[in-house]
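Subject: Handing over the structure

Hello,

Here is the structure I promised to pass on to you. Have a look at it first, and then read on for what turned up in it.

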Amino acid sequence: MEKKTKKLLAFFLGIFLLLAISAYHNPYQVSESLTLARPSVEHILGTDNLGRDIFSRLLIGSFYSVSIAFLAVLLASILGSFLGGIAGYFEGYLDETLLFFSETLMSIPAILITLGIIVIFRAGFYSITLAIFILYTPRCINFVRALVKQEKHKNYIKMAKIYGVGHFRILFRHIGPNIFLPILVNFSTNFAGAILTEAGLGYLGFGIQPPYPTLGNMLNQSQSYFLTAPWFTIAPGFVIVVLVYQMNQIAKKYQEKK
């Protein structure tokens, strides 16, 4: 217990220190005299093409990117688990309708869905979150649907039905807890994928718009300066790799517990 407490305290202390460091430099302050400055004690990751501190912008950009990915996948997992659970348990017409709906959504290119949402709501935090939510909900529906279909034929479910336990009680009180760990693994994997999706859409200019930073739009802004200021491109790319790798490792650990 002490180990967990120490790790938790270290985690929050790390966040506090990063926020304190990021507050030292205004991530939106433009400085013509510091354009593409090399990493130094004053600017530990250098500055961008407008003289803004890269480290501060990286922290804010990571927060935006992770927040979008987490919120979108969390909502997709909740709705997908509910719809997938009902479809997998009751089957029939409802199952076929939800399967058709999810397969149709998954067949539409991500760019087309994103463009449609941006046309309606304009590019921003909520529109890109909505786009990723729509992209990942069908995956969650299909995943949970398959789990429930497999679980419902086990002996303990047959016994519950014999004793007259209601369908929704069986689904949420008996099947639900037994498929929670696979859903958590799926959430971790989707979270890693959503970070990449947000970064890709931001890189193409469909995410949060400058001057607000995200990992994707920082890569977009830095691509022209890769040879003259490689630190500008390497920093956001490295953070994306680390975040995705860590989420995949978490998914792997949960997978081993199954």
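**A pocket to start with**

Eighteen residues, written 18 in the count, line the second largest pocket, and Ser-77, Ser-81, Gly-176, Phe-180 and Ile-183 are the ones nearest its centre. Its volume is about 330 Å³. Among the helices, α2, α5 and α7 each give at least two residues to the lining of this pocket, and α7 has the largest share with nine residues.

A word on how pockets are found: on a 1 Å grid over the protein atoms alone, a pocket is an open set of points with protein on both sides within 12 Å along at least five of seven lines, whereas a cavity is a set of points where a 1.4 Å probe fits but cannot get out; lining residues have an atom within 4 Å of a point. Grid points are joined across faces, edges and corners, and the volume is the space filled by probe spheres set on the points.

**What you are looking at**

This is a predicted model, in which local features need pLDDT of at least 70 and side-chain atom pairs count only at pLDDT 80 or more, while totals for chains, interfaces and linings use all residues. Residues are numbered from 1 along each chain as its sequence is written, and side-chain values use heavy atoms, with hydrogens and water left out.

The protein chain has nine helices and zero strands (DSSP runs numbered from the N terminus: H or I of at least four residues for helices, E of at least two for strands). Of its 258 residues, 41% are buried (buried is under 20% relative accessible area, exposed over 50%, partly exposed in between, with a 1.4 Å probe and protein chains only). The accessible surface of the chain is about 14700 Å², and carbon and sulfur atoms hold 69% of that (Shrake-Rupley method, 1.4 Å probe; for residues, only the protein chains shown count as cover). Among contacts with a separation of 6 or more, 68% are between residues 24 or more positions apart (a contact means heavy atoms within 4.5 Å).

The unreviewed UniProt entry places the feature "transmembrane region" at residues 63–86, 98–121, 127–148, 179–204 and 224–245 (positions follow the numbering used here, feature names are shortened, and annotations may be inferred rather than shown by experiment). In the model, residues 63–86 are 100% helix, with the end C-alpha atoms 34 Å apart. Residues 127–148 are also 100% helix, and there the end C-alpha atoms are 31 Å apart.

**Salt bridges**

How many salt bridges are there? The count is six (a side-chain nitrogen of Lys or Arg within 4 Å of a carboxyl oxygen of Asp or Glu).

- Arg-145 pairs with Asp-95, with the closest N and O atoms 2.5 Å apart. Arg-145 is in helix α5 and Asp-95 in helix α3, so this pair ties together parts 50 residues apart in sequence. Both Arg-145 and Asp-95 are buried.
- Glu-91 pairs with Lys-152 at 3.2 Å between the closest N and O atoms. Glu-91 sits in the loop between α2 (54–90) and α3 (92–107), and Lys-152 in the loop between α5 (125–151) and α6 (155–162), 61 residues apart. Glu-91 is partly exposed at 28% relative accessible area, whereas Lys-152 is buried at 11%.
- Glu-151 meets Lys-154 at 3.3 Å, N to O. Glu-151 is buried at 9%, while Lys-154 is partly exposed at 37%.
- Asp-48, Arg-52 and Arg-57 are linked in a network of salt bridges.

**Loops worth a look**

Is Thr-214 buried or exposed? Thr-214 is buried, with a relative accessible area of 0%. This residue lies in the loop between α7 (167–203) and α8 (215–222). Beyond its neighbours within four places in sequence, Thr-214 contacts Gly-61, Tyr-64, Ser-65, Glu-198 and Ile-208.

Pro-211 is also in the loop between α7 and α8, and the peptide bond from Pro-210 to Pro-211 is cis, with omega near 15 degrees. Most peptide bonds are trans, and most residues other than glycine have a negative phi.

Two residues have a positive phi without being glycine: Leu-36, at about 50 degrees, and Arg-122, near 70 degrees. Leu-36 is in the loop between α1 (2–24) and α2 and is partly exposed at 23%. Arg-122 is in the loop between α4 (110–121) and α5 and is exposed, at 67%.

Enjoy exploring!

Best wishes
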